[in-house]
Amino acid sequence: MRFHRVLKIRHLLLIRTLGTQLNLRRCAEILHTSAPAISRTLAEIEEQLGEKLFERTTRSIVPTPPGQSLIWHAQRVLADLEQAEADFDALARGASQVLHIGVLSGFDPGLLARALALFVQQRPDIEVRLHEGLAADLFLSLRQDRVNLILSHVDVPHEDADIVAETVYEESIAVIASPAHPLARRRRLQMADLAPWRWVLPPVGTTIRIAVERELLLAMGRPAPPIVESTGPHFTGALLQCSTMVAAVPQVVARWLEADCGVVTQLRLQARLPTWPVCIAHKHSRAVSAAQSDFAACLRSLLQPQ
């Protein structure tokens, strides 16, 4: 347990800050100390650990492999500690619980908003924190108990019996553009019609990105031209409003941007694109809190036929 004896919170703060800034003077300013003090403390940590954490020259500071690893862990430990403080403050203010919900960037924004509005009306004593991310990150956060539940694609390995997933709705892909886009009034579009335009797509490895890039490759016979990568529906909508770009987003997000926000229109693409389930998921081995159960009930109530 060498790290328990050597590393203190102030050491982790120094390592995280220096790893971000890569500059002794800026690190010292952020931590309200001096550059020589930073150098001395860093030398003490390296001596205690028996490893060089940063290579220092007169012009640069570069993390070594052990240093890079420790920076990552310092960021994670301090983020958990900061989250613990935020939860503690919420409970001290009078909240009975803090509910952490991991949310896929493309989850139905209207459904989530209605579910949360109903939930906070029924449970005004609960403080809610939304953690937005990609499916892989959300499931990792769930496994590591950083969130109570997630709203995400069903992306559970068959061997992970500890994840309990319940399908909320089936998702599909929509292609959207500004209502003023030259293709907006076309009644039948093929992927070849869209291939020449600049695209806004989610990150590599996501369901939408894989499907659209495959269709573009088939239509063009070569990889897609440079794209703009975005996970935020509001940024995507704003970008389409002031350009002739096109974007691929979940169908529920397209409906929200079109019907509720009025900033885009769906293009009438004839290609057969994949569908996939979106779920609410939690860990079987972790006790379900009352807040978690109540939120899930609010979400289910909105999915029932009226």
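Student: So how do α2 and α4 sit relative to each other, in terms of axis distance and crossing angle?
Tutor: Keep in mind that this is a predicted model. The axes of helix α2 (residues 9–21) and helix α4 (residues 35–49) come within 11 Å and cross at roughly 110°. Angles of 65 to 115 degrees count as roughly perpendicular, so that's the label for α2 and α4.

Student: Left-handed or right-handed crossing for α2 and α4?
Tutor: Left-handed. On the α2 side, the contact uses Arg10, His11, Leu14, Ile15 and Leu18, and α4 brings Ile38, Thr41, Leu42 and Ile45.

Student: Switching topic: how many residues are in the largest nonpolar core?
Tutor: That core has 64 residues, and Phe107, Leu151, Leu194, Trp199 and Phe295 have the most contacts inside it. Strand β6 (residues 163–177) gives the most to this core, namely eight residues.

Student: And what does Phe295 touch?
Tutor: Setting aside residues up to four places away in sequence, Phe295 touches Leu99, Ile101, Leu112, Ala115, Leu116, Phe119, Leu149 and Leu151. There's also a second, separate core of 20 residues, with Leu12, Leu24, Leu49 and Ala74 among them.

Student: What about Asn148, buried or exposed?
Tutor: Asn148 lies in the loop between α7 (135–143) and β5 (149–153). The cut-off for buried is under 20% relative accessible area, so at 10% Asn148 counts as buried.

Student: Which residues is Asn148 in contact with?
Tutor: Beyond its neighbours within four places in sequence, Asn148 contacts Val98, Leu99, His100, Leu142, His282, Arg286 and Gln292.

Conventions: Residues numbered from 1 in each chain as written. Predicted model: local features only at pLDDT ≥ 70, side-chain atom pairs only at ≥ 80, totals over all residues. Heavy atoms only, no water. Axes fitted to C-alpha atoms, helices over the stretch in contact; angles between N-to-C directions. Helix = DSSP H or I, 4+ residues; strand = E, 2+ residues; numbered from the N terminus. Parallel < 35°, antiparallel > 145°, perpendicular 65-115°, else oblique. Left-handed = near helix turned anticlockwise from the far one by under 90°. Contact = heavy atoms within 4.5 Å. Core = buried A, V, L, I, M, F, W, Y, C linked by side-chain atoms within 4.5 Å. Buried < 20%, exposed > 50% of the residue type's maximum accessible area, 1.4 Å probe, protein only.
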